[in-house]
Amino acid sequence: AKLALGTPLPDLINSVTGVTTACFEPSLDYCVVKIPRWDLSKFSRVSTKIGSSMKSVGEVMGIGRKFEEAFQKALRMVDESVPGFDPDRKSVNEDELREPTDKRMFVVAAALK
């Protein structure tokens, strides 16, 4: 609110540290997770195996106080139908655990269950 009223960022004290200014660091207690968005289902006859030369169609970012929260937020943003790190979304498949695919994180969730 103070920024909207014209207070310069260097004049604001960081509420977390109480010493540094707000432009020095936004906060000390957050975690960011970025996940690429592959969206391979839009293309017919395309392999779902991910290699070093493949390009994602974008990426999503989840921000939270802990890794688990940020990871869940990022997963939900990858696809609207995904509720998060759901172990019931995919079954355990040894090949998918070895080879990177666009859905491997859900196979890992099932394997951890």
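Glu 96 has 18% relative accessibility, so this residue counts as buried. Buried means under 20% relative accessible area, exposed means over 50%, and partly exposed lies in between (1.4 Å probe, protein chains only). The model is predicted: local features need pLDDT of at least 70, side-chain atom pairs count only at pLDDT 80 or more, and totals for chains, interfaces and linings use all residues. Residues are numbered from 1 along each chain as its sequence is written, and side-chain values use heavy atoms, with hydrogens and water left out.

**Salt bridges**

Glu 96 has a partner. Its side chain meets that of Lys 90 in a salt bridge. The term stands for a side-chain nitrogen of Lys or Arg within 4 Å of a carboxyl oxygen of Asp or Glu. Lys 90 is partly exposed, because its relative accessible area is 28%. By this rule the protein has 5 salt bridges. The table includes three of them.

| Pair | N to O distance |
|---|---|
| Lys 34 and Glu 59 | 2.9 Å |
| Asp 95 and Arg 98 | 3.1 Å |
| Glu 96 and Lys 90 | 3.6 Å |

Lys 34 sits in strand S1 and Glu 59 in strand S2, so to speak of this pair is to speak of a link between distant parts of the chain, 25 residues apart. Both Lys 34 and Glu 59 are exposed. Asp 95 and Arg 98 share helix H2 (residues 94-98). They are 3 residues apart there, about one turn of the helix. Both are exposed.

**Overall fold**

The protein has 3 helices and 2 strands. Helices (H or I, at least four residues) and strands (E, at least two) are DSSP runs, numbered from the N terminus. Along the sequence the pattern reads β-β-α-α-α. Of the 113 residues, 21% count as buried.

**The core**

Which residues make up the largest nonpolar core? There are 9: Val 33, Ile 35, Val 60, Ala 70, Phe 71, Ala 74, Leu 75, Val 82 and Phe 106. H1 gives the most, with 4 residues. Such a core is a set of buried Ala, Val, Leu, Ile, Met, Phe, Trp, Tyr and Cys residues joined through side-chain atoms within 4.5 Å. In soluble globular proteins, nonpolar side chains tend to be buried together.

Val 60 touches several residues beyond four places away in sequence, among them Val 33, Ile 35 and Ala 74. Contact means heavy atoms within 4.5 Å.
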